[in-house]
Amino acid sequence: MHRTGALYGQFKTLEQQKDSASLGMWIFLVTEVMFFGGIMLAYAINRHVYYHAFAMGSNTLSLKLGAINTIVLLASSFTMAMGVWSAQTGKQKLLPIFLTLTILLGFIFFGIKYVEYAQKFHHHLVPGPSFDISYCVNNPSKCDDINPEELEVEANLIKQAKAAEPNLNSHAQLYFSTYFGMTGLHALHMVIGVGLLFWLLLGSLKGRFTPEWNTPVDIVGLYWHFVDIVWIYLFPLLYLIDRHK
Amino acid sequence: MAVTPKFPEKHYLNQTYGIRSWLLTTDHKRIALLYLVSVTFFFFVGGFFAMMIRLHLLTPDGYLLSADTYNKMFTMHGVAMIFFFLIPSIPAILGNFLIPLMIGAKDLAFPKINLLSWYVYIVGGCFTLYSMVTGGLDTGWTFYTPLSTVYSNSAVAPAVIGIFITGFSSILTGLNFLVTIHTMRAPGMTWFRMPLFVWAHYATSVVMILGTPVVAITLGLAAMERLFGLGFFNPAMGGDPILFQHLFWFYSHPAVYIMILPAMGVISELIPTFARKKLFGYHFVAAASLAIAVIGFLVWTHHMFLTGQSTYAALAFSFLTFLVAIPSAVKTFNWTATLFGGSISFDTPMLYAFGFLGLFLIGGLTGLFLGCLGTDIHIHDTYFVVAHFHYIMVGGAVMGYLGGLHFWWPKITGRMYPEWLARIAALILFVGFNLTFFPQFVLGYLGMPRRYHVYPPEFQVYNVMSTAGASILAIGYLLPMIYLTWAAFFGKVAGDNPWPATGLEWKTPSPPPTENFEVTPVVTWEAYDFHNRPDLGLDVPTGHHPGVVPAHGHD
C-alpha cells in the first residue's frame, strides 16, 4: 500500500488510521489479559491449595527490592505519560528526554530484577533437581547476603510451614515455578517495550511526531502502562502473601 | 447477458511479478493465496496420516503399523488438521481475501501485520513439521499432562512450541479482522448491511482473541515443564493435571467454533445466492453467530465429565452445552426457511451447502448425546465422539470451506471451474464422507474406544466400511485440488459476477485490482436484497413471490 506522508494507503483519513491503531492496541491488550489470566489462574489455585508453601516462598523474596521496582515502574509510567503529552502538544524537544528517562527506568528495573534472580539461583530457589527451600537455613555460610537474625526468622517460618505442609519443598517449588513464569513473562514484555521505546526515540529525534500525528507514541504508551499494571498485580500476588502479620 | 465477459488487463495477480513480490506482499488477496498454498500442504500432510490410520484399522490386529507408530499417526493427524488446517482455513484464506472486498475497503487495517501472521504461521508450522520428522508425537492432539510433559518419548517440545507460535498467527488475524470490520467499512455499509460472512468472522475473531492467548500460555507452561522441569501440571510435584485440561479446553472447545462459525458464514452467502432470495431472519443469524461465540466459552468442561468434577458443575456445563444448540438451530432453521419459495439452482457451491446442512445437523444433534451426562458416560472416548466431531469439522467446516472455495474461485482467479466435474466431486465427497464416518457412530455406540490400535474382530465390518469410505473421500479431495488448479489457468473467463450474487465483492472485476475498487463504493442496499438491485441484471419481480424466474440462464 502506498503511503502519503503519515497516511497509509488503505486508510482515507489520519483520523481513521489513528482510530484503527488504538483499537488494535486495545484488542491486543485484551489478548494480553487473557494470556496472563491463564498463569494467574494456576497461581490462584495453587496458592489456595498450598497456602503455607506459597507464603514461605513469598517470604524469601526481598520486599525492599520488590518495592523499589514498583516505584521505578510507577515513575516510568509517569515519564511515559509525559512523553505522550509532549508528543500531543508538539513539545518536540521534551519528547526524546521523556522517552530516554522511561528507557532508563526500564533498565533500572532490569538491573534490580537481575539482582533478585541471581539471589534465587545462589540460594537454590530455582525449580529443578537442586531446589531446596531450606538451603540457606542449613548452609548459612553460603548465604552470607542474608543476616543471621533474618535467617533465624526464616528457619522458624520453615519449621511452622513444614508442620502445616509436610511436602513443603516440592510445593514451594511450585511457587517458584509460578514466580519465574510470571515475572519472566513480565520481563519479556518489558524487553519488547524498551525495544519499542528505542524505536520511538529514533523517530522523535527525527521529529516525526507532531500534534497532528503521534499515534505510535500513543499506542506504545498504552502498552507500557499495561505492562506496569501487570507488575502492580504481580507485586502483591508474589511478594505480599504473608506480610500482613 | 449476451456480452462475453472479458478478463481484466491489470489485476492483483499480474500487478507485479517475481518471488519477492509474493513473499513481501502486503496485499490481503495475495496473502490469502499464500495461506491457500500452505494450508493445503498441511491438509495433505494430515490427510496422509488419516489414510495410515484407516489402512491400519482394516484388520482387527492391525498389521500395518506398530502400536507406537499408530499413536503417532492419530496424534499428528489431529495436530496437522486442527491447528494447521481447520483453524486457519476459512478465516485466513477466504476471510482474508473477502472481508475487505465485502465491506468495500482497500485492504485490512494492518496489511503488514497480516503478512507477519502468515510468517508466524509458517515458523510455527516448521517447528511442528520438525517434530513430525524427528520422532513424531504420540500424546494425542490434546497434549494431556503428565504424559506430554514427563512420560512421552516423542518430540513433544518442538510441536508444542510450534503450536504456541502458530497461535499468535491466529490472534493477529483475529485482531486485524476486528479492527478492519470496525473502522474500514465503506460509506453506507452499516453493521446490519454487512454480509453474514463478515458477521461470522467478527464472532470468530472474538473467539480467536479471547481463547488463543489462554492455550498459548497453557502450552507455554507445558513446554517449560517439559524443558525445564517446572511443575504446574505435574502431580509428582504437587501440580494439577486437571488444571491443564481446564485451561486447554477453555480454548480448544471455543476453537471448534473458530472452525465452524466461518463455515456458517459461507453457507449464509451460498444459500441466498442460489435460492435467489433474501436470507430469512438476517438479524437473528447475525446475533446467533455472536451467541455461539459467547456461549461457546462457557461449555468447556463437557470434555471432562469423567474427570471426577463435581456433579453440580457437570450439570451446569451440560445445561450450557445444550444452550449452544439454540443459536445453531436458529441458523439451520433460517437457512432452511430461506430455501422455501426460493428459486433454487444446484450449482456446485449449493451442493456443498446442502451437504453442510445435512451433515451439520447430524453432527450437531449427536453433540447433544455427548453433552448429556448420562449418555456421555457410555459413549465418552469412543468412536461415537470421533464420528461426531468429524461430522462437524469435515462435514461442516470442510464442506463450507470447499463450497466457499468454489463459489469465490471465479473471484479469486477470474475463471470458472468445470461445473460438471465439480458436481461429481461434491457427490463423491458426500458419499465418501458418510461411508467413512457413519459406521463410526455405530462402532462407538457398540463400545469401540478411540485411539486404540487393535479392536475385537466383530467390529471389523464397520472398520472396513470406514476405510473404504476414506479412500473415496481421498478421491473427492484430490479432484477439486486438480481441477481448481487447472481452472485457475485455463478455465472459462468468469466475468465480474457470474452467479450473480449481491455482495460488494462481486461489483469489482474478477480477479480484482490490487486496490480492490477503482472508486470507493457507496452502499445503498440491504444484504441479499435481490429485488432492489437492477445492477445484477436479474429479471426478478418486485412482488412477494420471488423466484418465478429460473435462477440461471442455462449457458
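**A tour of chains A and B**

Start at Cys372(B): it counts as partly exposed because it has 17 C-beta neighbours inside 10 Å. (Buried takes 20 or more other C-beta atoms within 10 Å of a residue's own, exposed 12 or fewer, partly exposed lies in between; C-beta atoms are placed from the backbone.) This is a predicted model, where local features need pLDDT of at least 70, side-chain atom pairs count only at pLDDT 80 or more, and totals for chains, interfaces and linings use all residues. Residues are numbered from 1 along each chain as its sequence is written, while chains are lettered from A and ligands numbered from 1 in the order in which they are written.

Stay on Cys372(B). It sits in the loop between helix H11 (348-371) and helix H12 (373-379) of chain B. Helices are DSSP runs (H or I, at least four residues), numbered from the N terminus.

Next, select helix H3 (residues 67-103) and helix H8 (residues 241-275) of chain B. Their axes come within 8 Å and cross at roughly 35°. (Axes are lines fitted to C-alpha atoms over the stretch in contact; angles run from 0 to 180 degrees between N-to-C directions.) On H3(B), pick residues including Leu86(B), Ile90(B) and Leu94(B); on H8(B), the residues they meet include Ile258(B), Met259(B) and Val266(B). Contact means C-beta atoms, placed from the backbone, within 7 Å. The H3(B)–H8(B) contact has 11 nonpolar residues, one polar and no charged. (Ala, Val, Leu, Ile, Met, Phe, Trp, Tyr, Cys and Pro count as nonpolar; Asp, Glu, Lys and Arg as charged; the others, Gly among them, as polar.)

Finally, show both chains. 29 residues of chain A are in contact with 32 of chain B. On the chain A side, H1(A) gives the largest share, 16 residues.

Conventions: Helix = DSSP H or I, 4+ residues; strand = E, 2+ residues; numbered from the N terminus. Contact = placed C-beta atoms within 7 Å.
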